[in-house]
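Colleague: I am new to this one. Could you walk me through it and tell me what the terms rest on?

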Number of protein chains: 4
Amino acid sequence: MKIGMIGLGKMGYNLAQNLLDHKHEVVANDVNRESVKGLSKYGAIPAYSVEEVVNQLEKPRTIWLMVPAGEITESLVEQLSHLLDEDDVIIDGGNSNYKDSLRRAELLSEKGVHLVDVGTSGGVDGAREGACMMVGGPNEVIQRVESIFVDTTIENGYLHSGEVGSGHFLKMIHNGIEYGMMQAIAEGFDILDKSPFAYDYEKVAKVWNNGSVVRSWLMELTESAFSKDPKLDEIKGIMNSSGEGKWTVETALDFQVPAPVIALSLMMRNRSLEDDTFTGKVVAALRNEFGGHEVVKK
Amino acid sequence: MKIGMIGLGKMGYNLAQNLLDHKHEVVANDVNRESVKGLSKYGAIPAYSVEEVVNQLEKPRTIWLMVPAGEITESLVEQLSHLLDEDDVIIDGGNSNYKDSLRRAELLSEKGVHLVDVGTSGGVDGAREGACMMVGGPNEVIQRVESIFVDTTIENGYLHSGEVGSGHFLKMIHNGIEYGMMQAIAEGFDILDKSPFAYDYEKVAKVWNNGSVVRSWLMELTESAFSKDPKLDEIKGIMNSSGEGKWTVETALDFQVPAPVIALSLMMRNRSLEDDTFTGKVVAALRNEFGGHEVVKK
Amino acid sequence: MKIGMIGLGKMGYNLAQNLLDHKHEVVANDVNRESVKGLSKYGAIPAYSVEEVVNQLEKPRTIWLMVPAGEITESLVEQLSHLLDEDDVIIDGGNSNYKDSLRRAELLSEKGVHLVDVGTSGGVDGAREGACMMVGGPNEVIQRVESIFVDTTIENGYLHSGEVGSGHFLKMIHNGIEYGMMQAIAEGFDILDKSPFAYDYEKVAKVWNNGSVVRSWLMELTESAFSKDPKLDEIKGIMNSSGEGKWTVETALDFQVPAPVIALSLMMRNRSLEDDTFTGKVVAALRNEFGGHEVVKK
Amino acid sequence: MKIGMIGLGKMGYNLAQNLLDHKHEVVANDVNRESVKGLSKYGAIPAYSVEEVVNQLEKPRTIWLMVPAGEITESLVEQLSHLLDEDDVIIDGGNSNYKDSLRRAELLSEKGVHLVDVGTSGGVDGAREGACMMVGGPNEVIQRVESIFVDTTIENGYLHSGEVGSGHFLKMIHNGIEYGMMQAIAEGFDILDKSPFAYDYEKVAKVWNNGSVVRSWLMELTESAFSKDPKLDEIKGIMNSSGEGKWTVETALDFQVPAPVIALSLMMRNRSLEDDTFTGKVVAALRNEFGGHEVVKK
């Protein structure tokens, strides 16, 4: 089918190539004109503005946004809501908060425009070779556009997960689980690292990837990471996060679901962002107050 | 090679068959005579006592224990320490605490007997078809017996992980990671279950197993579990544990490694063993005391 | 001074009496006419509508809201924003979220009306006899109304904590700390309850209140609770929560502050609201899948 | 009564003075001869060896050990077991693990010697002016020696808590609760510290100590600490721990009691001992592997 693609960053560029490989027509747009030109060499139809994307598509149109969640997605949806017509479809492939997707779907529905929310996993390689996509939206709309999800995912890597919002919700939870799994693996190696035994961590990850209960893609990545830097001596243990873990915890609190593992995974990341903590200062000061325990002066 | 196998439960029986398949000679013993007879039909040499096992092997002997950790392992090691001679090898394939293995190795070394500690993962099927084994012991001893580990594991599923104790230690940490991964997955599905969306959990697990970051054997098992009981309506959420998770947390405390995810995974299991908690009663009573908040009477 | 009091529930009624004791004039209003009449016997000026409250006060007016946070506070602030004039003051003594207070202050400031946010602790008795109040608002406004805070709090129990919002923020954090302290105390008694020793919990709390590091009002309440029901046999351990703990955790996440103790206190409360958990079912099912561990059927 | 006191460190010296104030006879011993001489000026009978202590007491003897838990207590109990006679009493006032106390009581009972275990709270000042003591031991033994506990504690600050072991157990739990309370307070101030408001922390602690739910000795100490160093700028947030918190968590695990708040309080202390973590390195490396997220190079 013919589809507009707005946002040609790493993910969008690869996904557009993936679509072209599968004989879809892609009207490609990005704020960076070079990316548009680059992709046109692969057969994409260049569009140098959002209006051009809209104008080069026939009704009912399908436009895929692959841009950062938050303000950029918000302003593009707003802009498109004025340019699009009844029955057109906007696919949001970014990591939007499902609450935003629900709100935007409501807004767009006033004009008869449909929102389809796609949670995408599998990274940049997945976008190019075959990703994992969790897609929310009404049945009839999904049926119209489903071929593009089937074509750009690996076998069994596409799920129409339910109503609009359900795709981004599922991606959020996926990332929450990912936080917990990563922290679990990391804690395990941290204990190994303090043990009296002289383990070869690459070999440990490798044996665990072959026949053990914890074999997983994340453990394969662990093996890969240790193969490059056996003790991770070259990097600092600063664990950034990009939002979905926080949303997962907030959602768990909203639904009164205890989710201590996901919450603690996030909190230990936040802890790693600080060299010293005010919490630590207060506890150290209190120990000094009641027990005369020495504090470490700066 | 020729090897004694003491303990023909699910794991030991399968492992013995696995050894026989690979042309090893197995002297098989169990407290259950039927198991001994059963295995002898597959070609094992029957032994109806520990002494018989010892007597049917030539020096230097190799005896594999596949019995429950704790008292049974302890008493067998004790018994064997009197029956074995210098340079004989005891392989402990059970889930022993690494501290016990270190202690037993020390004890046995006084008689020149070697202990090899094997952490085994992969379950009953793994024991039969090819397991994952993490093996601790001195190089020269391991070289002598290594063929039996190579033959009974899947490709790359065997690791000589270091000195004695390192195999059981590694298995313990493996299980700790497993606790964290399982709890992370479970929390994720619990939040889904409270969400406004009507997910098909088997399909969710399936899509996550194809191309996503959280793809893993545990997620495949999740898919399998939901395929049998879509909402797990038939079971209660009681999470037992068998010891290694607790040891992992204790070890983390011993080494002063923060391991909140593994610790909380275990504590939520313990929480699931109780219908009501004294902690909850105290907090409810306190809320009533200071705020007049109503308590729920029994 | 002369002050309007809207909301004559337990807190507002007692606070109004407290104000009357201190020779303040109180124009009292509530949706319940009986409460208004009741208080007028103590010398309050009755007002049977919000408009009456406004009309019976001279400019610049001061109106104290002691109503449930959320919708009721929102609609009263909205209503008052139309009735009040420049330089009038609304005091919000409820447990409002500080973000709402910041937003409302902004809105009211467009009309020159001031918001003063008061976090109140000490319960119903405190409202009557002398509470603890943390008050946010601009210096010049606070100076005008400060006497009512000084008069209705116990000695040193009043703090002008900073700009508007700072009072409710401080109350929120106070409650977060309270959650953590209560859970810590409760966990301690839970371990005692499983111990081999036959403790008398009232006596334990009592000795801890006399000379120990953990002596505190909450421990005094613990002593009181056990004096009435020695093993808390009569109540269920259901721990409800009223919102501020959740806000504290959300705020901690917003500021990237690790706050595991407050977060876990809340999550264990949420856990207590469920008899069985989906998390538990998933873990139990997984243990069955990989290890053949038995599940408990419903 | 006449009592031997072995161990004249800060706690023992003050406690001995406290006993002398209350007209008890004290036979005082320490490895440091100066301490013995110093205390003899206050009326203590000097003893320059353990044997001298024993010899200067009449049967049945009572000897209070106020020495570091662990090896020193162990070796003194061992030594005294050979010197003492039936019906003599050893009081262990140190922070011994209750399991050690149970074991030692068992050992001593073979010779008819009694162990009384005393958990002491209230710090050095408490030892001098009146401490809080939780005391385990058989009724008849406690009755014989009870006057020394009554005299050296503040009013209601003494509890005979049950059989031997129950005193040290109670002190352990007390400290576990203390860990949780301190961490809760500290997390609260940490969030304040990241807030947009410019709080005066000493004043915050002060207002919370007057009428609020969280008023407590620890909050008074918090007020005191901030009065000396308003932002705790001078100290580092390194939170050491002295063992009882760890024992509490281990005991919670032994009894399968979920104690997330106490466990996390301890784990955050352990986290504060490290500048960088291996856990953090592993997570950072994994994020780089799957998402291309940049790592921070050392």
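Predicted model: local features only at pLDDT ≥ 70, side-chain atom pairs only at ≥ 80, totals over all residues.

Colleague: What makes domain 1 and domain 2 of chain A?

Modeller: Domain bounds come from an automatic or database domain assignment. Here that assignment gives 2-163 as domain 1 of chain A and 171-197 + 236-272 as domain 2 of chain A.

Colleague: How do you know how many residues of domain 1 of chain A are in contact with domain 2 of chain A?

Modeller: Contact means heavy atoms within 4.5 Å. By that rule, 9 residues of domain 1 of chain A are in contact with 8 residues of domain 2 of chain A.

Colleague: Why is the pair Lys99(A) and Asp254(A) called a salt bridge?

Modeller: The term needs a side-chain nitrogen of Lys or Arg within 4 Å of a carboxyl oxygen of Asp or Glu. The side chains of Lys99(A) and Asp254(A) meet at 3.1 Å, N to O, so the pair is a salt bridge. The count between domain 1 of chain A and domain 2 of chain A is 1 salt bridge.

Colleague: What area do the two domains bury between them?

Modeller: Buried area is the accessible area (1.4 Å probe) that two parts lose on being put together, summed over both. For domain 1 and domain 2 of chain A that is about 670 Å², 54% of it on carbon and sulfur atoms. Asn95(A), Asn97(A) and Tyr98(A) supply 57% of the area that domain 1 of chain A buries against domain 2 of chain A.

Note on methods:
Residues numbered from 1 in each chain as written. Chains lettered and ligands numbered in written order. Heavy atoms only, no water.
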